[in-house]
Amino acid sequence: MTEIVAQPGSWVPSGMPQFDEAPRYDVRLIREDFPILRRQVNGHPLVYLDSANTSQKPRQVLDVLREHYERHNANVARSVHTLGTESTTAYEAARAKVAAFIGAASPDEIVFTKNSTEAINLVAHSFGVRLRPGDEIVISEMEHHSNIVPWQLLCERTGATLRWFRITDDGRLDLSNLEELVNERTRLVSYVHMSNILGTINPTSAIIARAHEVGAKVLLDCSQSVPHLPVDVAALDADFIAFTGHKMLGPTGIGVLWGRYDLLADMPPFLGGGSMIETVTLEKTTYALPPTRFEAGTPPIAQAIGLGAAVDYLAHLGMPAIAGHERELAAYALEAMATVPGLRIFGPAIPAGRGGTISFALDGIHPHDVGQVLDSLGIQVRVGHHCARPTCVRFGVPAMTRVSFYLYNTTDEVDALVRGLEQVRKVFS
Amino acid sequence: MQFEQLYQEIILDHYKHPHGRGLREPFDAEAHHVNPTCGDEVTIRVRLAGDAIEEISFEGMGCSISLASASVLHDVMSGHTVTDALARHDAFVALMSGRGQVEPDEELLEDGVAFAGVAKYPARVKCALLSWMAFKDATARAVADVAGPVGGTA
């Protein structure tokens, strides 16, 4: 494992003793770990504000990927040779790292998938297969399409009914009808822990307690929370969580489903194929125990190992320090963006109960145009409906512009964004 | 700078002062097209007089490129025969698919030549083509309705 340059707690801004206690790191040193951040885009230094879409990768992760392919590459779980053993050991070590990172009871509760979408579809098939007409699934108006469409499809297959929490004007979940919405017919509540579009961090204890009270299970879409916040599945008391590697410094092609072991053990397979079996005859197959039961075929081996390296990096910096850094950036950005005439923020306008993802409209200028002008200045933002079209409809717009921060972003980059927005207004005024 | 090739003055003019915006009655056919990646929408209405395009009107929500191209479409197509209009349509599609390598024909495309720069931005080509594709659909329906024995609106 290569060394990490920045040490947690090694840097406190001068004259700010009140921050002595908070865990923090020197973002300037962190940026040295990310080769892409030295790039120029359209003649300007890259300002990457699209980490909610996909994060950049530190060289510690890139090195592990290269080393795996150059020195250890072999298929997993089926070879007696040295390379196969090394590969299998590294793959399973990654599973253990991910388990420890989210406080899972055992590595056997970690199922590697392709991404969050596949993790949610796995639950929709293997858990959802037992649903019947009259059963209800509860989601929210704030969901990414990956936490809407699998449930619509499941309802079509089983005759179950889909219901949802509404969003308040402030961009929070409306829990006023929690008792009615989550009731004795509810089998599953599946909602987003942190919104990919509004940045809202949603409450968990009240919803999960109510769901368990009526015997329903809870799946949290943690695609945006696990990369940015300390997440402990034992403390959350959820039943399943889904997240993806590429949003947390890891490679694309690797995602995670965490599930309580007894639930996973009670679920039939999702995809059938190699690896997931116990014994096969031409008439009948019996299945392996979780997590292997849900990992048919050759898995994304290098990607899982790369995710393990990403988890090492995040754990070394410390999730409290990362969350603190992004909270400061969000507060700074909300204040700075409020100075731009004609800018309207969707979602929580105060830096409490939200993460560093901020969507906005500017003066009736279409997000495509906002994004294009910002790109000409090297600033990379996301535009469109963010795969959360119902949320856009809720706020009466076809599309939004979104900036999203990560552990490597700086207040200088927020300043560049605000200057860029002035430029946008100049072009389209 | 490449960026200025994208947002030509002509395009910004059409965006700020669009021609043909606001759906008109009567019409022979209309088509509604959506860009699923960004949620942009446009409705195009066409009215024929004989074999000529008598009127084109549109309504929509979208970026400057998509709204300006609808305005240019209105100017380029109005008053021309259907055959002529489809030739212009093909020329515009060829220009937009040309990755900046196609020399635009100003005689055919008029202000449409300003979109030559858009062809260098693959992410924006769909924006420019949205209303033109809807126009082709609407015109085909109008021709079928006017020629065919069965009436009805599209």
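Me: How many bridges join strand 14 of chain A to strand 15 of chain A?
Reply: In this predicted model, strand 15 of chain A covers residues 357–362 and runs antiparallel to strand 14 of chain A. One facing pair that can be looked up in the structure is I345(A), which stands opposite F360(A) in strand 15 of chain A. The number of bridges that join strand 14 to strand 15 of chain A is 4.

Me: Which element gives the most to the side of domain 1 of chain A that touches domain 2 of chain A?
Reply: Chain A is divided into domain 1, with residues 17–57 + 318–424, and domain 2, with residues 62–315, and 27 Å separate the centres of these domains, taken over C-alpha atoms. The contact takes 27 residues from domain 1 of chain A and 27 residues from domain 2 of chain A. On the side of domain 1, at least two residues each are supplied by helix 11, strand 15, helix 13 and strand 18 (400–404) of chain A. The element that gives the most, with 5 residues, is helix 11 of chain A.

Me: Which helix of chain A gives the most to the side of chain A that touches chain B?
Reply: The contact takes 13 residues from chain A and 12 residues from chain B. The elements that give two or more residues to the side of chain A are helix 12 (367–376), helix 13 (389–394) and helix 14 (411–428) of chain A. The residues on this side of chain A divide into 5 nonpolar, 6 polar and 2 charged. The helix that gives the most, with 4 residues, is helix 12 of chain A.

Me: What is the radius of gyration of chain A?
Reply: The secondary structure of chain A comes to 14 helices and 18 strands. For its 429 residues the globule rule gives 22 Å, and the value for chain A is close to this, so chain A is as compact as a globular protein of that length. The C-alpha atoms of chain A fill a box of roughly 70 × 55 × 40 Å, taken along the principal axes. The radius of gyration of chain A is 22 Å.

Me: What pattern does chain B follow when read along the sequence?
Reply: Chain B has 6 helices and 3 strands, and the C-alpha atoms of chain B fill a box of roughly 55 × 30 × 25 Å, taken along the principal axes. Read along the sequence, the pattern of chain B is α-α-β-β-β-α-α-α-α.

Me: Over how many bridges do strand 2 and strand 3 of chain B pair?
Reply: The strands of chain B form an open sheet of 3 strands in the order 1-2-3, with antiparallel pairing, and the edge strands are strand 1 (29–35) and strand 3 (52–61) of chain B. Strand 2 of chain B covers residues 40–49, and A49(B) stands opposite A52(B) in strand 3 of chain B. Strand 2 and strand 3 of chain B pair in the antiparallel sense, and the number of bridges is 9.

Me: Are helix 2 and helix 3 of chain B roughly parallel or roughly perpendicular to each other?
Reply: Helix 2 (residues 9–16) and helix 3 (residues 64–77) of chain B pack with their axes 8 Å apart and at an angle of about 85°. Among the residues that meet are I11(B) and L12(B) in helix 2 of chain B, and I65(B) and L67(B) in helix 3 of chain B. The residues of this contact divide into 7 nonpolar, 3 polar and no charged. An angle of 65 to 115 degrees counts as roughly perpendicular, and helix 2 and helix 3 of chain B are therefore roughly perpendicular.

How values were computed. Residues numbered from 1 in each chain as written. Chains lettered and ligands numbered in written order. Predicted model: local features only at pLDDT ≥ 70, side-chain atom pairs only at ≥ 80, totals over all residues. Pairing = 2+ DSSP bridges. Contact = placed C-beta atoms within 7 Å. Nonpolar A, V, L, I, M, F, W, Y, C, P; charged D, E, K, R; others polar. Domains from an automatic or database assignment. Axes fitted to C-alpha atoms, helices over the stretch in contact; angles between N-to-C directions. Parallel < 35°, antiparallel > 145°, perpendicular 65-115°, else oblique. Rg over C-alpha atoms; globule rule 2.2 N^0.38 Å.
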